[in-house]
Amino acid sequence: MQLASLGIRLYKLFESHKRKFIYIPLASYWLLIFVLTSIPGKSLPKVFLGLTDKAKHFGAYLLLSFLLNLALHFQKKYKFLTKKSAISTLLIVSLYGILDEIHQIFIPGRYFELFDFLADVLGAIFGILISHWIIQQNKKIISYNEEL
């Protein structure tokens, strides 16, 4: 029950402070991913030592899809994106992942790698699952309150 309570509190926090906790971090983080993937291979900073390249891809796209799924869920302009935020997020992040791998072909010391893309997609799926869980916790409380 404590985990469900955490999900509900996070949902309320994200809902009431979308700009601060979702939109600005999403835009900043997406820009950071683009900048880091544009750095030539030999100039890459040695961050997250000990993690494999695939683990870095997995983690990067997990966070990207987590934020994007929440952003699509909370936005009010396009109802389809709110209702289908998970599949929309997976499509957008997967498209970005493949475009990013293609983009790296043109960066010295970087190259297209299919397994990087697969790690991106797998990370995206897990990010969607985590954000979807938070969204579902709130829906359970709403339906429970409506039954009362």
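The legends below describe close-up views of a predicted model.

**Figure 1. Salt-bridge network around Lys-54.** Salt bridges link Asp-53, Lys-54, Glu-113 and Asp-116 in a network. A search of the whole structure gives 3 salt bridges. Lys-54 is partly exposed, its relative accessible area being 27%.

**Figure 2. Lys-54 and Asp-53.** These two residues form a salt bridge in which the closest N and O atoms are 3.2 Å apart. Asp-53 is partly exposed, at 39% relative accessible area.

**Figure 3. Lys-54 and Glu-113.** The side chains of Lys-54 and Glu-113 form a salt bridge with an N to O distance of 2.8 Å. This pair links distant parts of the chain, 59 residues apart. Lys-54 belongs to helix α3, while Glu-113 sits in the loop between α5 (85–104) and α6 (114–147).

**Figure 4. Lys-54 and Asp-116.** A salt bridge of 2.7 Å, N to O, joins the side chains of Asp-116 and Lys-54. Asp-116 is in helix α6 and Lys-54 in helix α3, so the pair ties together parts that are 62 residues apart in sequence. Asp-116 counts as buried because its relative accessible area is 5%, under the 20% cut-off.

**Figure 5. Positive surface patch.** Lys-76, Lys-79, Lys-83 and Lys-84 form a positive surface patch. One of these residues, Lys-76, is located in the loop between α3 (53–74) and α4 (79–83). Lys-76 is exposed because its relative accessible area is 53%, and exposed means over 50%.

Technical notes: Residues numbered from 1 in each chain as written. Predicted model: local features only at pLDDT ≥ 70, side-chain atom pairs only at ≥ 80, totals over all residues. Heavy atoms only, no water. Patch = residues over 30% accessible without salt bridge, like charges linked within 9 Å, V, L, I, M, F, W, Y side chains within 5 Å. Areas by Shrake-Rupley, 256 points an atom, 1.4 Å probe, with all protein chains shown as cover. Salt bridge = Lys/Arg side-chain N within 4 Å of Asp/Glu carboxyl O. Lys, Arg positive; Asp, Glu negative; His and termini not counted. Charge placed at Lys NZ, Arg CZ, Asp CG, Glu CD. Helix = DSSP H or I, 4+ residues; strand = E, 2+ residues; numbered from the N terminus. Buried < 20%, exposed > 50% of the residue type's maximum accessible area, 1.4 Å probe, protein only.
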